[in-house]
Amino acid sequence: MKWMRFRVRTNEESEDIIISYLEDIGLEGAQIEDNAPLSAADKEQMFIDAPELEPEEKENGIESGVAYLNFFVEIDDDNMLTVEVANDEGEYVKEKRTPEQMKEAIKEKLDELRSFSDIGDGTISIDVTEDIDWINNWKQYFHKFYIDDILVIPSWEKESDEDIKKAEMVLHIDPGTAFGTGMHETTQLCIRMLKKYVTSDTELLDVGTGSGVLSILALMFGAKHAVGTDLDKCAVPAVKENMENNNIPSDKFDMMIGNIIDDKEIQDKVGYNKYDIVVANILANVLVPLTPVILNQLKSGGVYITSGIINTKEEEVKKAHLDAGLEILEIHHQGDWVSITSRKN
């Protein structure tokens with residue numbers, strides 16, 4: 001079995017959003033190469049103690065701030081690639097493509113991202129690599145973990161007796177069908193804010209819902225109802241599966257595909273002045289134009305939770321909150337990431 005590798009040169013800030021966007025064309029997961037420092041949790045999970053690099057130091061020839069994303073697709077004897085993509089009904093279907101067609105599809109997605117986000121160089125290279133199960137090999141590195149008293153556990157692991165005693169809440173998730181697992185610092189920052197502000201009356205809007213982790217946990221915290229929006233149709237089956245895995249009734253969550261920033265139809269469908277909490281775990285470059293728009297969806301007194309903010313962008317996003325007339329309630333940091341929570345008065 002041979003694998004075609006598509007290698008994208010970008011920057012560290014854009015890793016997550018590019019991986020999410022390219023899932024839409026059948027590229028599942030990525031091998032990431034960068035110089036971003038590992039967190040203590042990363043080191044513990046990977047059983048290593050990595051030295052910190054100086055800002056301009058290179059590791060394996062990679063410049064500081066630069067990242068390479070490697071996507072692997074099986075290639076057959078006819079030099080064709082088979083990928084699974086979601087159709088308009090959110091069902092996965094298999095499609096065959098040439099390497100050139102796949103490269104062009106990647107380029108189109110990257111060009112779409114460039115319209116609202118700095119993704120760096122964005123060049124694409126192709127080669128054939130060795131016989132390894134790249135699609136499933138990453139699973140050996142993802143294990144159950146805790147976010148405070150919440151146990152997050154993948155489908156291939158079991159809860160131990162100690163877990164049952166320790167965990168106040170258990171989130172079951174299959175990251176193979178999703179965009180996020182809850183492990184990233186930005187997601188954890190949002191989860192802590194949701195846990196603080198969600199009540200039994202909460203109507204929640206989750207912008208960029210992805211795998212639905214934040215909405216699902218908000219409902220588990222006691223929220224009345226949640227609406228999730230995403231640009232990617234692949235989010236529909238991902239959210240559905242994770243809701244089922246966590247016994248969330250289907251009438252508790254509504255999913256909508258579209259760009260709430262500039263799509264009036266989606267804005268109307270989501271509704272106005274009706275949400276007690278809006279949560280957005282997205283890149284800073286998206287949060288800035290989103291913030292003045294989302295005021296229309298928030299109730300008076302509603303809480304706006306934002307994350308996905310690299311620390312160098314903190315002041316830029318903070319300014320967007322203030323310029324929109326929001327009252328900043330809390331700012332929290334975890335690793336290199338920031339969350340900003342504010343209120344509509």
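Modeller: In this predicted model, Thr 187, Cys 190, Ile 191 and Leu 194 of α6 are in contact with Val 213, Leu 214, Leu 217 and Ala 218 of α7. By class, this contact comprises 7 nonpolar residues, 1 polar residue and no charged residues.

Colleague: Why are α6 and α7 called roughly parallel to each other?

Modeller: Helix α6 (residues 185-197) and helix α7 (residues 213-220) pack at an angle of about 25°, and their axes are 10 Å apart. Angles under 35 degrees count as roughly parallel, and α6 and α7 are therefore described in that way. The crossing of α6 past α7 is right-handed.

Colleague: What makes α10 roughly parallel to α11?

Modeller: The axes of helix α10 (residues 284-294) and helix α11 (residues 314-323) cross at roughly 10° and come within 9 Å. The cut-off is again under 35 degrees, so α10 is roughly parallel to α11. In this contact, Ala 284, Asn 285, Leu 287, Val 288 and Thr 291 of α10 meet Glu 316, Val 317, Ala 320 and His 321 of α11. These residues divide into 5 nonpolar, 3 polar and 1 charged.

Colleague: Why is Ser 125 called partly exposed?

Modeller: Its relative accessible area is 35%. Buried means under 20% and exposed means over 50%, so Ser 125, lying in between, is partly exposed. Ser 125 belongs to strand β6 (residues 124-129).

Colleague: Which residues is Ser 125 in contact with, leaving aside its neighbours within four places in sequence?

Modeller: Those residues are Arg 5, Phe 6 and Arg 7. The C-alpha atoms of Ser 125 and Arg 9 are separated by 8.6 Å, although the two residues are 116 residues apart along the chain.

How values were computed: Residues numbered from 1 in each chain as written. Predicted model: local features only at pLDDT ≥ 70, side-chain atom pairs only at ≥ 80, totals over all residues. Heavy atoms only, no water. Axes fitted to C-alpha atoms, helices over the stretch in contact; angles between N-to-C directions. Helix = DSSP H or I, 4+ residues; strand = E, 2+ residues; numbered from the N terminus. Parallel < 35°, antiparallel > 145°, perpendicular 65-115°, else oblique. Contact = heavy atoms within 4.5 Å. Nonpolar A, V, L, I, M, F, W, Y, C, P; charged D, E, K, R; others polar. Left-handed = near helix turned anticlockwise from the far one by under 90°. Buried < 20%, exposed > 50% of the residue type's maximum accessible area, 1.4 Å probe, protein only.
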